[in-house]
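I keep each entry to what I looked up and what came back.

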Amino acid sequence: MKIKTIEAIAVRLPMKKPVQMAGETVAQAENVFVRVESDAGAVGWGEAAAAPTMTGETIAGMMAAIELMRPKLFGRAAYDFAGAAAAMDAQLYGNSGAKAAIDMALHDLVGRASERPVYALFGAKQRNRMPVLAVIGSEDAAADLREAQARWNAGYRAFKIKVGLGSPEADAVRTMMLCQALKGQALEGQALEGQAQGGARCLVSADANQGFSVDGALTFVRGIGDCGLDFFEQPVSAHDLDGMSRIAAATKVPIGADEGIHSLDDIARHHERKAARGVSLKAIKLGGLSGLFAASRLCEQLGMQVNISCKTGETSLASAAAVHLAAVAPALAWGLTVTSSGLAEDVTAAPLRVDAGHVEVPERPGLGIDVDEHRLRRRQQEFKRVA
C-alpha cells in the first residue's frame, strides 16, 4: 500500500469560549488537516494546530511546509512511518506540527486499511478508560471555584489551573483555594464510600505557560505552601533550564516541562539538570505519534512522570490520537488533556465522547473518527475568505 495523494486543508474553527493563558488567549482554533490516500483507495486523516509560541508554526507556514514535503512522500509504503519521518526531516528542518499532521494521517490510514485501532500499531494497550484534565483559568477566584465545583459534579477528577495570568501572589491564593477545595471534595468522597484515607482521589496541577519570571515562580511556590498541588508546569521560559532547576530545588511540588520539550534530547537535558520531574508530551512538538510514543518510553526509563496533551483547539481527530497514545504509554501519572470539547464546532458528526470526566479508547479501525469532509471544507472556504 503506497502513498498516492497528500492534501493539506487549513481551517478556522470557533471556540465555545476563549481560553485564557499567560501570553495568549485562544478565541478560535486555526488548524491544518492532512488527507492521505493510498493507491488502494484507503484514506487517513491527520491534524495539527497552529502554535506560534510553542512550535513557531502558523497556518501559512504549515501549509507551505506540507507542500514542500509532499513530493518526497509520494510512492512510499504507507506503513513505513520511520522512513516517512526520515524523508520529511531530510527535506525540511523543524516544522514538527506539519510533520505530525502527516504522521498522524499515515497511522490513521494504516489502521483503517488493516482494520486495527491506532493504539494496536504501537503495542499492547495498558489502559482503556482515562481521566481527562479539566482546564480552569481566569483571574476570578470565585468564578474558578464555581467552575471547578461544576466539573467535579460532572465527574471530573483531574484538573489543570492556568496561572501566570495575574500577579504571582494572586495566582498563588487562587491556586491554593482551588486545590484545597478539590482535595477536600476527594477526601469527603473517600469517607462517604468507606475507603481508606491514604491519599486524594483527584489530580490537581497548575500551568504557567512560561508566564512567570524566576522570582515570580518562586513567589508562587512559596505562596501555595503545602496545599497538595500535584505538579506545576512550565513556570518560566522554555529555554531557561537554570531557572527551572532553581524553582525545582526550592519546592516539594514536582515541576513539569511543556513548551521546553521538543525532542528526546530535551527530555534528557531536563532530567540531567533536575529541571523537571515530568513532562507534557504533544504530537505537534515531537513530530507525530511515533515521536510521542518514543518520548513516553524514555520518560519511563528516566523515572519521569508523563502528561499527554493536545494543543488548545484541536478537534476530535487529534484528541483521539492523544487518547490512543495515552492507552499504550508505559505510564500516565499526570493524566490526559484533550481539547475537542472546547470547540463550538467539530469536524465529525460523532465527536470523541468525554463521559463523567473520563474518555475510553476508540476501538474502531484507525483513529476511530470519521471526518465530515463537507463540514471541514466549509470551514476551509471560510478561512480562505479571511486569510
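This is a predicted model: local features need pLDDT of at least 70, side-chain atom pairs count only at pLDDT 80 or more; totals for chains, interfaces and linings use all residues.

I then listed the residues in contact, which are Met62, Ala65, Ile66 and Met69 on the H1 side, facing Gly97, Ala98, Lys99 and Ile102 on the H3 side. Sorted by class, this contact of H1 with H3 has 6 nonpolar residues, 1 polar and 1 charged.

I turned next to helix H8 (residues 264-272) and helix H10 (residues 289-302), whose axes come within 10 Å and cross at roughly 20 degrees. With angles under 35 degrees counted as roughly parallel, that makes H8 roughly parallel to H10. The crossing of H8 and H10 is again one that I recorded as right-handed. From H8 the contact takes Leu264, Ile267, Ala268 and His271, while H10 contributes Ala294, Ala295, Leu298, Cys299 and Leu302. By class I wrote down 8 nonpolar residues and 1 polar for the contact of H8 with H10, and no charged ones.

Entry on the largest pocket. Which residues lie nearest the centre of the largest pocket? I found Val19, Val135, Lys162, Thr312 and Thr339 there, out of a lining of 43 residues, and the space in this pocket comes to about 770 Å³. Strand S1 (3-21), strand S5 (133-136), helix H4 (141-153) and strand S6 (158-162) each supply at least two residues of the lining of the largest pocket, and the largest share, 7 residues, comes from S1. When I sorted the lining of the largest pocket by class, I got 15 nonpolar, 14 polar and 14 charged residues.

Entry on the second largest pocket. I noted a volume of about 460 Å³ for the second largest pocket, with 22 residues lining it, and nearest its centre lie Asp89, Ser96, His262, Leu286 and Gly287. Which helix gives the most to the lining of the second largest pocket? I found that H2 does, with 4 residues. The lining of the second largest pocket divides into 8 nonpolar, 10 polar and 4 charged residues.

How many cavities of 30 Å³ or more does the structure hold? I found 1, and about 90 Å³ of space lies in it, as the largest cavity. Of the 14 residues that line the largest cavity, Ala283, Ser309, Cys310, Glu314 and Ala318 lie nearest its centre. At least two lining residues of the largest cavity come from each of helix H9 (283-286), H10, strand S11 (305-309) and helix H11 (316-328), and H11 gives the most, with 3 residues. By class, I recorded 10 nonpolar, 1 polar and 3 charged residues in the lining of the largest cavity.

Definitions and conventions. Residues are numbered from 1 along each chain as its sequence is written. Side-chain values use heavy atoms; hydrogens and water are left out. Axes are lines fitted to C-alpha atoms, for helices over the stretch in contact, and angles run from 0 to 180 degrees between N-to-C directions. Angles under 35 degrees count as roughly parallel, over 145 as roughly antiparallel, 65 to 115 as roughly perpendicular and the rest as oblique. A crossing is left-handed if the near helix is turned anticlockwise from the far one by less than a right angle, and right-handed if clockwise. Contact means heavy atoms within 4.5 Å. Ala, Val, Leu, Ile, Met, Phe, Trp, Tyr, Cys and Pro count as nonpolar, Asp, Glu, Lys and Arg as charged, and the others, Gly among them, as polar. On a 1 Å grid over the protein atoms alone, a cavity is a set of points where a 1.4 Å probe fits but cannot get out, and a pocket is an open set with protein on both sides within 12 Å along at least five of seven lines; lining residues have an atom within 4 Å of a point. Grid points are joined across faces, edges and corners, and a volume is the space filled by probe spheres set on the points.
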